[in-house]
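Student: Hey, can we go through this one together? I'd like to know how to read it piece by piece.

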Amino acid sequence: MKDETLVVLEEYNTLAEAQIAKSILGSAGIESMIRNECMSMNFPVATPAQLVVSESDVERARALLRHS
């Protein structure tokens, strides 16, 4: 994900949901990361966990998560 524009693909109210989605993407070879990981554990409503992917992977990632 170096030197690429990053896009927030989805926001989750729980870290567990974000981790499951990250795992699905990883299984398909799509790199992703979770922003606000620590804050969302302590303040889930105020700070949702954001699943972030490279701009070039957005469409494929959305399609994968839609069908999961």
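This is a predicted model: local features need pLDDT of at least 70, side-chain atom pairs count only at pLDDT 80 or more; totals for chains, interfaces and linings use all residues.

Student: Okay, helix H1 to begin with. How many residues does H1 have, and how far does it reach?

Tutor: H1 covers residues 15-27, which is 13 residues. From the first C-alpha to the last it reaches 18 Å, close to the 18 Å expected at 1.5 Å a residue.

Student: Which residues of H1 are buried?

Tutor: Those are Leu15, Ala18, Ala21 and Leu25. Looking down the axis of H1, the buried residues fall within an arc of 125°, so they line one face of the helix.

Student: And what's on the face turned away from that buried side?

Tutor: That face carries the exposed residues Ile20 and Ser27.

Student: What do the buried residues of H1 pack against?

Tutor: Quite a list: strands S1 (6-12), S2 (32-35) and S3 (49-54), plus helices H2 (37-42) and H3 (58-66).

Student: What follows H1, by the way?

Tutor: Gly29 follows H1, and its phi is positive, near 85°.

Student: Switching to the core. Which residues touch the most other members of the largest nonpolar core?

Tutor: Leu9, Leu25, Ile34, Leu51, Val53 and Ala61 do, out of 13 residues in that core. S1, H1, S3 and H3 are the elements that give two or more residues to it.

Student: Which element gives the largest share?

Tutor: H1 does, with 4 residues.

Student: New topic: charges. How many salt bridges does a search of the whole structure find?

Tutor: The search finds 1. It joins the side chains of Arg62 and Glu59, at 3.8 Å from N to O.

Student: Why would two side chains like that pair up at all?

Tutor: Side chains of opposite charge can pair when their charged atoms come close. Here both Arg62 and Glu59 lie in helix H3, 3 residues apart, about one turn of the helix.

Student: Are those two buried or exposed?

Tutor: Arg62 is partly exposed, with a relative accessible area of 35%. Glu59 counts as exposed, at 57%.

Student: Last one, Thr47. Where is Thr47?

Tutor: Thr47 is in the loop between H2 and S3.

Student: Is Thr47 buried or exposed?

Tutor: Buried, because its relative accessible area is 17% and the cut-off for buried is under 20%. Leaving aside neighbours within four places in sequence, Thr47 is in contact with Asn36, Met39 and Ser40.

Notes
Residues are numbered from 1 along each chain as its sequence is written. Side-chain values use heavy atoms; hydrogens and water are left out. The expected span of a helix is 1.5 Å times one less than its number of residues. Buried means under 20% relative accessible area, exposed over 50%, partly exposed in between (1.4 Å probe, protein chains only). The arc is that of the directions from the helix axis to the C-beta atoms. Contact means heavy atoms within 4.5 Å. A nonpolar core is a set of buried Ala, Val, Leu, Ile, Met, Phe, Trp, Tyr and Cys residues joined through side-chain atoms within 4.5 Å. A salt bridge is a side-chain nitrogen of Lys or Arg within 4 Å of a carboxyl oxygen of Asp or Glu.
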